[in-house]
Amino acid sequence: MNSPFKYSDDNKRYYTFNYYLRHRFGKKVFKVSLDMGCGCPNRDGTKGVGGCIYCSEKRSGDFAGNPAEDIALQFEKIRNMELKKWDDAYYIAYFQAGTNTYGDFDKIKTAFERAVRFENVVGLSVATRADCIDQRFADLFYELSKGRYLTVELGLQTVHDRTARLINRCHSFEDFLKGYKLLQDRGINVCVHIINGLPGETKEMMLETVRQVGLLRPHSVKLHLLHILKNTPLAALYEKEPFHVFSLEEYASLICDQLEILPEDTVIQRITGDGAKSDLIAPLWSLKKFCVMNEIDKEMLRRNTVQGRLFAIGK
Ligand code: SF4
């Protein structure tokens, strides 16, 4: 199928992660979410207490393995489930829950080194906070990235420090940039995670976040939709002082605006949220992920636009 967009061979007008993986590895690649039980400095008092106000009890790793089990067993269990759907695939070991560069360095290093040797694993993804990256980790990632796919996911969420304080993020944009630079200087691929719909943010603020992220030229981004999950401080805030939650149409329009101002070669790992169904309070339309993706595709087509069309204009 002819596509008006350089990095697409279907109806997508943005650079999907699926396209990237297919062209890099030549076959289906699954992420296997492993949990080695890393804590978070924003929960244990080192940086803050209570965590980011939207963070779930599973430390934002709702689909990960069981941290009480060894990561090899977690991997086998999840891979066996995937094998039923796809018997010839590669895997990316994905450490998502908690802050995976926080804790005993040698223990974490061993976990990464083991995970990349599991059968058919072609890469490693590590989610963490930028203020928990130091030179040792940057060097470790450099070593681990030799000859394999490796991405470090840094949660930024917003470039606006006022919002960062409100959501109890406990780091500033400047702190983020320091960690980002350590990785960038080592040539590590970074995936920047942002959240749309944070309380108090206007559309212009959300666009500004993406504009600034685009200028950093990250390997990839995750554009998340704020999910209000049960038993979080965010849910309590929403109940006490309800704030505006996107409609599907508003969200699709915002995502298209953001795709237009990102560079065309930034891989889009996500364009919506992925919370556990049983815990989601709002927005409930986000459970229909296929409809959300469809709405975004339709809006890109209606505008006859593509990712990157407005990158760096008016920076
Ligand atoms: S930094 Fe991550 S794991 Fe820690 S509280 Fe925030 S979202 Fe949760």
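**Figure 1. Lining of the second largest pocket in the predicted model.** Helix H7 (203-215) and helix H9 (248-261) each contribute at least two residues to the lining of the second largest pocket. Of the elements involved, H9 gives the most, with three residues. The lining comprises 14 residues, and those nearest the centre of the pocket are Glu201, Lys203, Met206, His244 and Phe246. By class, seven of the lining residues are nonpolar, four are polar and three are charged. The space within this second largest pocket amounts to about 180 Å³.

**Figure 2. The largest cavity and its lining residues.** The structure holds one cavity of 30 Å³ or more. About 60 Å³ of space is found in the largest cavity. Its lining is formed by Asn196, Gly197, Leu225, Leu226, Ile228, Phe243, His244, Val245, Phe246 and Pro283. Seven of these residues are nonpolar and three are polar, while no charged residue takes part. His244 and Phe246 belong to this lining, and they are also among the residues nearest the centre of the second largest pocket.

**Figure 3. The cis peptide bond at Pro283.** The bond from alanine 282 to proline 283 adopts the cis form, with omega near -10 degrees. Proline 283 lies in the loop between strand E9 (280-282) and helix H10 (289-303).

**Figure 4. The open sheet of seven strands.** The strands follow the order E1-E2-E3-E4-E5-E6-E8, with parallel pairing. Strand E1 (29-34) and strand E8 (267-270) stand at the edges; each has a single partner strand, so one side of each is left without a neighbour in the sheet. From one strand to the next, the twist averages 25 degrees. Helix H3 (residues 105-115) packs on the sheet and touches E1, strand E2 (90-95) and strand E3 (121-128). The direction of H3 makes about 170 degrees with that of E2.

**Figure 5. Pairing of strands E4 and E5.** Strand E4 (residues 149-157) and strand E5 (residues 189-196) run parallel and are joined by six bridges. Glutamate 153 has cysteine 191, in E5, as its bridge partner.

**Figure 6. Residues around the ligand.** The shell around the ligand consists of 11 residues, of which Cys40, Gly51, Cys52, Cys55 and Arg129 come nearest. By class, the shell divides into four nonpolar, three polar and four charged residues.

Conventions. Residues are numbered from 1 along each chain as its sequence is written. This is a predicted model: local features need pLDDT of at least 70, side-chain atom pairs count only at pLDDT 80 or more; totals for chains, interfaces and linings use all residues. Side-chain values use heavy atoms; hydrogens and water are left out. A residue is near a molecule or strand if one of its heavy atoms lies within 4 Å of it. Ala, Val, Leu, Ile, Met, Phe, Trp, Tyr, Cys and Pro count as nonpolar, Asp, Glu, Lys and Arg as charged, and the others, Gly among them, as polar. On a 1 Å grid over the protein atoms alone, a cavity is a set of points where a 1.4 Å probe fits but cannot get out, and a pocket is an open set with protein on both sides within 12 Å along at least five of seven lines; lining residues have an atom within 4 Å of a point. Grid points are joined across faces, edges and corners, and a volume is the space filled by probe spheres set on the points. Two strands pair if DSSP finds at least two bridges between them. Helices (H or I, at least four residues) and strands (E, at least two) are DSSP runs, numbered from the N terminus. Axes are lines fitted to C-alpha atoms, for helices over the stretch in contact, and angles run from 0 to 180 degrees between N-to-C directions. Contact means heavy atoms within 4.5 Å.
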